[in-house]
Amino acid sequence: MSRRSFIGRTAVASGVLSLGGGLWGASVNPADATEKSYDYVICGAGSAGCVLANRLSANGASVLLIEAGGPDSSEMISTPMRLIELWGTEYDWGYGTVPQQHAHDRVLYWPRGKTLGGSSSLNGMIYVRGNASDYDQWANEFGCEGWDYASVLPYFRKSEDFSRGEDEFHGVGGPLHVTADYEPHPVTKAIVEAAIQAGHPYNDDTNGRAQDGVAYVDLNTRDGKRASTAVAFLRPAMERPNLTLVTNARVHRVEIEGNRATGVTYMQDGKLHTVAAAREVVVSGGAVESPRILMLSGIGAKEELEKIGVPVKLDLPGVGKNLHDHTLCPVIYEGAKELPAPTDLTITPLHAHLFAKSDPELPGIDMQPLFFFVPYYAPEQEKPTMNGFSLMASGVRPTSRGAIRLTSADPDDVMQIDPQVLQTQYDVDILVRSIKQMREIAKQSALDEWRGREIYPGAEVQSDEQLADYARSAVMSYHHQNGTCKMGVDEAAVVDPKLRVRGIEGLRVADASIFPFVMAGNTNAPTIMVAEKAADMILTDHQA
């Protein structure tokens with residue numbers, strides 16, 4: 001019997017319909033999912049939810065995983081070079097912010113994954129852990145005991161299957177493959193050489209002992225295909241009869257009796273269904289959907305919930321607050337000649353980056369520019385040519401803070417998403433500094449062969465004031481939204497250091513929304529780490 005046939009028969013036998021092809025998806029009959037109670041109900045099959053489903057079901061506990069999106073069966077998802085084609089499709093929540101008052105009243109587009117694997121099925125596949133000092137800050141400044149770097153490193157290593165082998169910083173044999181070596185695009189190679197000429201050290205492992213320097217990105221790919229958490233963690237776990245998956249099912253609320261979470265109500269095919277959770281409900285909807293679920297469940301700022309008619313179960317004002325995101329701003333050059341078309345579809349257009357400090361006294365980096373061998377324009381910018389390349393200025397220690405609020409009690413209504421981008425002068429200044437840094441790299445001799453005129457900001461934009469205005473006109477999301485259910489011990493914290501919602505038993509949040517302060521780097525690998533650690537804490541609590 002072929003492995004594919006075996007998976008199909010096992011899935012059908014356990015009440016799950018498996019879809020064939022190179023990728024897969026699954027759904028269950030709603031009646032099958034509602035016939036019994038589950039030990040754990042997980043809301044969201046994204047970067048964290050797929051990890052949790054795997055780890056919590058490994059010892060025989062019954063687990064229900066609920067996903068708002070559908071199967072991850074598109075070749076656009078599995079082919080790394082096609083990642084931007086996913087934006088605006090059925091696989092994308094396609095959020096938009098309210099007009100940003102500090103960014104020329106622009107509405108910023110936030111693509112987020114709405115399929116199995118969540119944003120790990122939509123993102124750039126960049127594997128970055130962040131700086132060790134980020135996690136030490138969580139522990140020392142925010143009171144998050146057990147989240148210092150020495151404590152979280154084992155969870156990064158646990159997930160990892162590093163292509164170069166095991167060492168004190170990297171693991172092998174884990175579900176998540178990390179590809180460190182490949183042939184870069186010639187323009188990307190020239191940008192990296194130019195950064196070295198500009199004085200930045202080359203770093204062969206930015207997830208190792210030190211983060212600073214220019215580097216080729218580590219990629220979550222395996223055998224030339226995207227290695228999302230759906231592929232790495234969920235697919236193998238779906239052979240277990242104690243794991244049930246429901247797709248195209250929108251969570252409406254967590255059911256709460258007294259001060260305890262007892263189950264989840266979700267909508268599928270126009271019908272509401274309620275399932276019971278004997279041990280815990282885990283909300284893993286991401287930085288946008290997790291606060292929505294909590295607020296619709298009556299957990300949030302009392303006066304805000306009362307205004308829109310949501311019955312208040314717990315006055316927890318921090319829900320939806322502390323919203324922040326990394327920033328990107330394009331510095332784009334026209335090609336001096338026709339740039340080579342990509343021939344390797346197993347990498348992405350953005351496979352190099354720089355980690356740098358604006359002040360050498362900082363404990364960690366605060367700028368992470370990305371390098372594309374194509375032009376990456378802001379949506380409002382004119383696009384005079386597609387024959388060009390981009391050095392994306394970036395700030396990754398943002399001090400601006402915003403919030404997510406419900407506009408009604410209807411789960412399908414658009415929320416008010418207001419990150420207050422570039423609210424602080426520091427956040428503006430760091431982009432100005434990063435733009436100057438990109439220009440310095442671009443003028444190096446390694447790029448003479450490829451560099452034409454500067455399209456954006458343009459040669460006429462020179463003063464700090466002009467560059468600041470340009471930053472406001474062109475700033476984009478780095479797609480690293482976080483912080484809206486922050487972890488901590490203060491009154492603004494939503495979850496404690498064990499990720500338990502403060503004031504509600506049997507309810508946790510595990511995803512990027514719990515970050516008290518975003519790490520200096522891409523957020524997918526840290527989200528997976530959070531899920532690994534959450535699973536350990538949950539299983540430890542229920543050993544008895």
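# Close-up views of a predicted model

**View 1. Surroundings of Trp-147 in the predicted model.** Beyond its neighbours within four places in sequence, Trp-147 is in contact with Tyr-135, Trp-138, Ala-139, Val-152, Met-487, Pro-497, Leu-499, Met-529, Val-530, Lys-533 and Met-537. The model shown here and in the other views is predicted.

**View 2. The largest nonpolar core and a second, separate one.** The largest nonpolar core has 167 residues, and the members that touch the most others are Leu-52, Trp-147, Ile-299, Leu-499 and Leu-507. Helix 13, residues 524-541, gives the most to this core, with 9 residues. In soluble globular proteins, nonpolar side chains tend to be buried together.

**View 3. Packing of helix 5 on helix 6.** Helix 5, which covers residues 132-141, packs against helix 6 at an angle of about 120°, and the two axes are 8 Å apart. Helix 5 is therefore oblique to helix 6. On the helix 5 side the residues that meet helix 6 are Ala-132, Tyr-135 and Asp-136, and on the helix 6 side they are Tyr-149, Val-152 and Phe-156. The residues of this contact comprise 5 nonpolar, no polar and 1 charged.

**View 4. Leu-153 in helix 6.** Helix 6 spans residues 149-159 and includes Leu-153. With a relative accessible area of 13%, Leu-153 is buried, because buried means under 20%. Residues up to four places away in sequence aside, Leu-153 touches Arg-129, Glu-168 and Phe-169. Leu-153 and Phe-169 are 16 residues apart along the chain, and their C-alpha atoms are separated by 7.3 Å.

**View 5. Crossing of helix 11 and helix 12.** Helix 11 covers residues 425-442 and helix 12 covers residues 464-474; their axes come within 9 Å and cross at roughly 105°. This angle makes helix 11 roughly perpendicular to helix 12. Helix 11 contributes Val-428, Leu-431, Val-432, Ile-435, Lys-436 and Arg-439 to the contact, while helix 12 contributes Asp-464, Leu-467, Ala-468, Tyr-470, Ala-471 and Arg-472. By residue class, the contact of helix 11 with helix 12 has 8 nonpolar, no polar and 4 charged residues.

View 6. Leu-422 is in the loop between strand 23 (416-418) and helix 11. Although Leu-422 is not a glycine, its phi is positive, at about 60°. Leu-422 counts as buried, at 3% relative accessibility. Pro-457 is in the loop between strand 24 (451-456) and helix 12. The peptide bond that joins Tyr-456 and Pro-457 is cis, with omega about 0°.

**View 7. The hairpin of strand 13 and strand 14.** Strand 13 (residues 249-257) pairs with strand 14 (residues 260-268) in the antiparallel sense, over 8 bridges. The two strands form a hairpin with 2 residues between them, and Gly-258 in the turn has a positive phi of about 65°. Ile-256 stands opposite Ala-261, which belongs to strand 14.

**View 8. Asp-92 and its contacts.** Asp-92 is in the loop that runs between helix 4 (75-78) and strand 5 (95-96). The relative accessible area of Asp-92 is 7%, and the residue is buried. Apart from residues up to four places away in sequence, Asp-92 touches Leu-86, Trp-87, Tyr-109, Trp-110, Pro-111, Arg-112, Lys-114 and Leu-122. The C-alpha atoms of Asp-92 and Thr-115 are 7.8 Å apart in space, and the two residues are 23 residues apart in sequence.

View 9. His-104 is placed in the loop between strand 5 and strand 6 (109-110). The phi of His-104 is near 55°, a positive value in a residue other than glycine. His-104 counts as partly exposed, at 41% relative accessibility.

**View 10. Thr-188 in helix 7.** Thr-188 lies in helix 7, which covers residues 186-197. Thr-188 counts as buried, at 0% relative accessibility. Its neighbours within four places in sequence aside, Thr-188 is in contact with Tyr-216, His-351, Ala-352 and Phe-373. Between Thr-188 and Ser-37 the C-alpha to C-alpha distance is 52 Å, and the two are 151 residues apart in sequence.

How values were computed. Residues are numbered from 1 along each chain as its sequence is written. This is a predicted model: local features need pLDDT of at least 70, side-chain atom pairs count only at pLDDT 80 or more; totals for chains, interfaces and linings use all residues. Side-chain values use heavy atoms; hydrogens and water are left out. Two strands pair if DSSP finds at least two bridges between them. Helices (H or I, at least four residues) and strands (E, at least two) are DSSP runs, numbered from the N terminus. Buried means under 20% relative accessible area, exposed over 50%, partly exposed in between (1.4 Å probe, protein chains only). Contact means heavy atoms within 4.5 Å. A nonpolar core is a set of buried Ala, Val, Leu, Ile, Met, Phe, Trp, Tyr and Cys residues joined through side-chain atoms within 4.5 Å. Axes are lines fitted to C-alpha atoms, for helices over the stretch in contact, and angles run from 0 to 180 degrees between N-to-C directions. Angles under 35 degrees count as roughly parallel, over 145 as roughly antiparallel, 65 to 115 as roughly perpendicular and the rest as oblique. Ala, Val, Leu, Ile, Met, Phe, Trp, Tyr, Cys and Pro count as nonpolar, Asp, Glu, Lys and Arg as charged, and the others, Gly among them, as polar.
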